Amino acid sequence: MKLLIIEDSPELLDFLIELLEEEGHEVSAAEEGVQGLYLAQNWEFDVILLDAMLPGLDGFSLLERLRKTHTTPVLMLTARDQTRDRVRGLDQGADDYLVKPFANDELLARIRAVARRHGLQSEKLLRIGAVEIDTGSLQIRAGGEPVEVTAREFALVELLARHRSEVVSRDRIFGQLFDEESEDVDISNLLDVYIYKLRQKLGKDFIKTRRGAGYFIE
């Protein structure tokens, strides 16, 4: 899954990034509220981990603004354990609320639960016909044989596989696979190249095109 962490503690942020990347997730991060809101509004994420106390824009206000335009699942992480704070977070649109300090296993389970409620898969091994996508080892096998892919090719296959039978728009793919550092690159043409190469490696019918809408895997 693609996760966004909005947390102002550098130590906790580094820890969460390492923990979640070890679980096979793609992680982006922000250390203050305004930047976090910008990322949440302009890029697609599967789950957002949001601290309540943030500089610039607190987590509750950030969530209130985000919910005007986005339904991205949000798990609030905060040291504020009073009932009124939990109620406020849930009323503002949080999908779940976890009080610090927390056990690693519980955090990972909460993320999976939030993702499931929004119809997202969190399995480490995705099977589509003869193709296996191992999100733990970042490997793809076809007919039991390993297929050599780049990191971005793998991310594209995983994105489509996790949204199996759903058409994923080119804009969403751009937002998840290409960051602002790619502004000088013809991203549209680059995406066509990735799709072409993956069809060569996994079969011409593995990734299908819905003209004017995007791509999907049946």
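Where is the place of Pro101?

**View 1. A cis peptide bond joins Lys100 and Pro101.** Pro101 has its place in the loop between strand 5 (96-99) and helix 5, where helices (H or I, at least four residues) and strands (E, at least two) are DSSP runs numbered from the N terminus. The omega of the bond between Lys100 and Pro101 is about -10 degrees, whereas most peptide bonds are trans. The model is a predicted one, in which local features need pLDDT of at least 70 and side-chain atom pairs count only at pLDDT 80 or more, while totals for chains, interfaces and linings use all residues. Residues are numbered from 1 along each chain as its sequence is written, and side-chain values use heavy atoms, with hydrogens and water left out.

**View 2. The largest nonpolar core has 25 residues.** Such a core is a set of buried Ala, Val, Leu, Ile, Met, Phe, Trp, Tyr and Cys residues joined through side-chain atoms within 4.5 Å, and buried means under 20% relative accessible area (1.4 Å probe, protein chains only). Ile133, Ile140, Leu156, Ile173, Leu202, Phe206 and Ile207 touch the most other members. The elements that give two or more residues to this core include strand 6 (125-128), strand 7 (131-134) and helix 8 (187-202), but the largest share, seven residues, comes from helix 6. A second, separate core of 22 residues includes Leu57, Phe60, Tyr97 and Val99.

**View 3. Helix 6 and helix 7 cross at roughly 135 degrees, and their axes come within 11 Å.** Helix 6 is therefore oblique to helix 7, since oblique covers the angles left over when those under 35 degrees count as roughly parallel, over 145 as roughly antiparallel and 65 to 115 as roughly perpendicular. The axes are lines fitted to C-alpha atoms over the stretch in contact, with angles from 0 to 180 degrees between N-to-C directions. Arg152, Ala155, Leu156 and Leu159 of helix 6 make the contact (heavy atoms within 4.5 Å) with Ile173, Gln176 and Leu177 of helix 7.

**View 4. The axes of helix 1 (residues 10-22) and helix 5 (residues 104-117) come within 12 Å.** These axes cross at roughly 65 degrees, and the two helices are therefore roughly perpendicular to each other. On the side of helix 1 the contact is made by Phe15, Leu16, Leu19 and Leu20, and on the side of helix 5 by Asn104, Leu107, Leu108 and Ile111.

Methods
Buried < 20%, exposed > 50% of the residue type's maximum accessible area, 1.4 Å probe, protein only.
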